[in-house]
Amino acid sequence: MSEFYTMKIAGLERNLEKFPVSDKLDIAAFIIFGDTELTIKGSEELLKKVPQFDVILTPEAKSIPIAYEMARQSGKPYIIARKGVKVYMRNPLRVSVRSITTAKEQELYLGETEVNLIKGKRVLIVDDVISTGESLAAARKLVSEAGAIEAASCAFLAEGDAASRTDIIYLEKLPLFFK
């Protein structure tokens, strides 16, 4: 039998199913895919909280709908830090990342085209959930190595201890569930 955590995000109520991460910890899974209403409303609310920026950067993959919608609403471009090198990526920048929902270390890449797009620009880093901050650290490193300036880092949710961070902007706190 599934267990859920109910919360409001951007004024919309959502039931997040809980899943075990370990024998001592469960998380409430926030999956934005397919939730158009929340993507639109949450992006609108998050845009009200962030400073001026030139380009949005998001790590692949769950936050892509948010980055797209924030780009659409703001009229600014967005780019994706990819999890693997694609044939069309020349001279990719690479950083390593490990997050709470990832079983093994992953890498994030930006191709030369994306690097040239953000060089010298104010970049808004967008994610769905900031938890351990590992994905955020990797995105920040990509931004820095590309010669860009971080305008801010934001997410719909700050999970666990991330909610007490002062270097991120978010809509709601998401607790961790210790057993």
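Helices, taken as DSSP runs of H or I with at least four residues, and strands, taken as DSSP runs of E with at least two, are numbered from the N terminus. On this basis the secondary structure of the chain comes to 4 helices and 11 strands. The structure is a predicted model, in which local features need pLDDT of at least 70 and side-chain atom pairs count only at pLDDT 80 or more, while totals for chains, interfaces and linings use all residues. Residues are numbered from 1 along each chain as its sequence is written, and side-chain values use heavy atoms, with hydrogens and water left out.

The C-alpha trace of the chain spans about 50 × 35 × 30 Å along its principal axes. The radius of gyration, which is taken over C-alpha atoms and compared with a globule rule of 2.2 Å times the number of residues to the power 0.38, is 16 Å for the chain, and this agrees with the value near 16 Å of a compact globule with 179 residues. Of the 179 residues, 46% count as buried, where buried means under 20% relative accessible area, exposed means over 50%, and partly exposed lies in between (1.4 Å probe, protein chains only). The chain exposes about 9,200 Å², of which carbon and sulfur atoms supply 50%; accessible areas come from the Shrake-Rupley method with a 1.4 Å probe, and for residues only the protein chains shown count as cover. When contact is defined as heavy atoms within 4.5 Å, residues 24 or more positions apart account for 62% of the contacts in the chain with a separation of 6 or more.

Two strands are said to pair if DSSP finds at least two bridges between them. An open sheet with antiparallel pairing is formed by 4 strands in the order β1-β2-β3-β11, and its edge strands, β1 (4–9) and β11 (177–178), each pair on one side only. Between β1 and strand β2 (residues 12–20) the antiparallel pairing extends over 6 bridges, and Y5 has L16 in β2 as its bridge partner. Helix α1 (residues 36–49) packs on this sheet, touching β1 and β2, and its direction makes about 110 degrees with that of β2; here axes are lines fitted to C-alpha atoms, for helices over the stretch in contact, and angles run from 0 to 180 degrees between N-to-C directions.

Within strand β3 (residues 25–28) lies D26, which counts as buried because its relative accessibility is 15%. The side chain of D26 makes a polar contact with the side chain of K179 at 2.9 Å, a polar contact being a pair of N or O atoms within 3.5 Å, where within protein one must be able to donate a hydrogen and the other to accept it, and residues adjacent in sequence count only if both atoms are side-chain atoms.

An open sheet with parallel pairing is formed by 5 strands in the order β5-β4-β8-β9-β10. Because β5 (78–81) and β10 (169–174) stand at the edges with a single partner strand each, one side of each is left without a neighbour in the sheet. The twist averages 25 degrees from one strand to the next. Strand β4 (residues 55–59) and strand β8 (residues 122–130) pair in the parallel sense over 3 bridges, with I56 standing opposite L124 in β8.
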